[in-house]
Amino acid sequence: MKVLQLNMHRKGGWGGQPNRVLAESIEVRARGHEVVIGGPHPNELCVRASAQGFDVFDDLALKTGLPSLSDVRKLRRYILDNDIDLVHTHGSQDTWAAALALRGMRGNVGFVRSRHYSYRIATHVFNRWLYGRMDHVIVVTPQVGEYIVSLELKTADDITSVYSVPDFERFRPDIDSEPLRSELGLSPEEQVVVCAARLAPEKGHRTLLQAFALVRKDLSAVRLVLAGKGGERANLEELAQELGIGSSVIFAGFRTDVEKFDALADVFCITPVDGEAVCTSALEAFSTETPVVATDLCGVRESVIDGETGFLLDVGDVEGVAAALVRLLGDGSLCRDMGKRGRELVTLKFSVEQLGSRTVQVYEKVMSSKRVTNS
């Protein structure tokens with residue numbers, strides 16, 4: 001079949017969602033299907049997809065809010081002119097654009113949406129219409145699917161959980177992180193806590209900074225490195241100064257070498273307060289055999305097993321996060337053991353093989369149903 005993957009993320013950043021789309025597309029193509037990757041212009045996903053040999057369709061705006069009539073018309077024309085069998089969307093704007101473009105074509109073209117996060121879904125008439133247009137919903141963790149079923153937006157038969165996956169070739173335990181340590185000005189004796197995430201309110205950096213301020217009271221030779229960019233940076237820099245840890249926190253900005261940061265870390269810490277689903281950044285950290293301290297939100301517990309691969313704390317539990325960090329930083333053997341168990345878990349549970357095979361199974365189920373309906 002010929003699949004059009006749509007994603008609304010723009011150029012200038014990279015994260016779990018576009019990373020998932022590209023990895024998924026590579027696996028679907030490897031199973032004999034043709035994939036086109038589309039999105040707004042400019043679009044980092046389309047740039048990377050083109051480098052991987054995919055055809056791209058980046059002639060859309062996909063601005064915040066309802067899609068423009070121009071986007072709907074362009075998308076509809078592309079689907080018709082290129083004999084697209086199935087459209088697979090991943091965000092809000094692209095899903096609405098596809099739903100409107102596919103009006104009148106539902107008997108022929110499949111419509112699948114992936115939901116990558118756990119934000120609250122409003123159950124007003126418009127969202128009920130939107131979910132009613134979808135043939136199937138893929139969720140990145142079972143908890144998101146259970147939530148959608150509880151809202152009666154879809155039945156369990158129309159939802160499939162397919163985990164996101166780390167890039168095991170890129171995120172490895174044997175990465176040399178010493179050049180990065182030198183670049184960041186870290187001394188050999190300093191321990192490092194790393195968080196790689198967008199600097200956005202839902203990622204909970206305020207909780208992490210408050211916890212790290214407590215850590216610094218017990219451990220002086222430890223630094224916090226924040227890799228990522230976002231609108232919260234100025235506020236977070238100000239908070240770090242207010243907490244008296246400004247000189248101990250490194251804001252590294254957006255990086256394309258996150259794997260080196262994970263390998264550098266003694267502990268990876270992420271403390272989301274909203275929206276997180278499976279937390280791909282935790283999977284990547286585990287792939288480098290780095291233990292993870294995280295807050296227990298939605299599907300984070302699928303990889304962060306409390307007391308086994310890391311520590312899982314209640315959302316907003318500043319003192320709990322601090323205690324977990326102090327415990328790991330003070331016990332190198334525990335760090336190593338949890339990191340190794342983390343890599344073993346993600347290797348077994350979060351493989352590209354299951355990402356590709358389960359996604360294709362969804363596609364085949366949708367198209368098989370359409371053939372039966374049209375026969």
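The legends below describe views of one predicted model.

**Figure 1. Overall build of the protein.** The protein holds 14 helices and 13 strands, both read as DSSP runs (helices H or I, at least four residues; strands E, at least two) and numbered from the N terminus. Its radius of gyration, taken over C-alpha atoms, is 21 Å, close to the 21 Å that the globule rule (2.2 Å times the number of residues to the power 0.38) gives for 375 residues, so the protein is as compact as a globular protein of that length. Along the principal axes, the C-alpha atoms fill a box of roughly 70 × 40 × 35 Å.

**Figure 2. The largest nonpolar core.** A nonpolar core is a set of buried Ala, Val, Leu, Ile, Met, Phe, Trp, Tyr and Cys residues joined through side-chain atoms within 4.5 Å, where buried means under 20% relative accessible area with a 1.4 Å probe, protein chains only. This core has 123 residues, and L75, I79, I148, V249 and V293 touch the most other members. Helix α12 (residues 318-329) gives the most to the core, with seven residues.

**Figure 3. Surroundings of I79.** With contact meaning heavy atoms within 4.5 Å, and leaving aside residues up to four places away in sequence, I79 touches L4, I84, V87, L102, M105 and V109.

**Notes.** Residues are numbered from 1 along each chain as its sequence is written, and side-chain values use heavy atoms, with hydrogens and water left out. In this predicted model local features need pLDDT of at least 70 and side-chain atom pairs count only at pLDDT 80 or more, whereas totals for chains, interfaces and linings use all residues.

Key
Buried means under 20% relative accessible area, exposed over 50%, partly exposed in between (1.4 Å probe, protein chains only).
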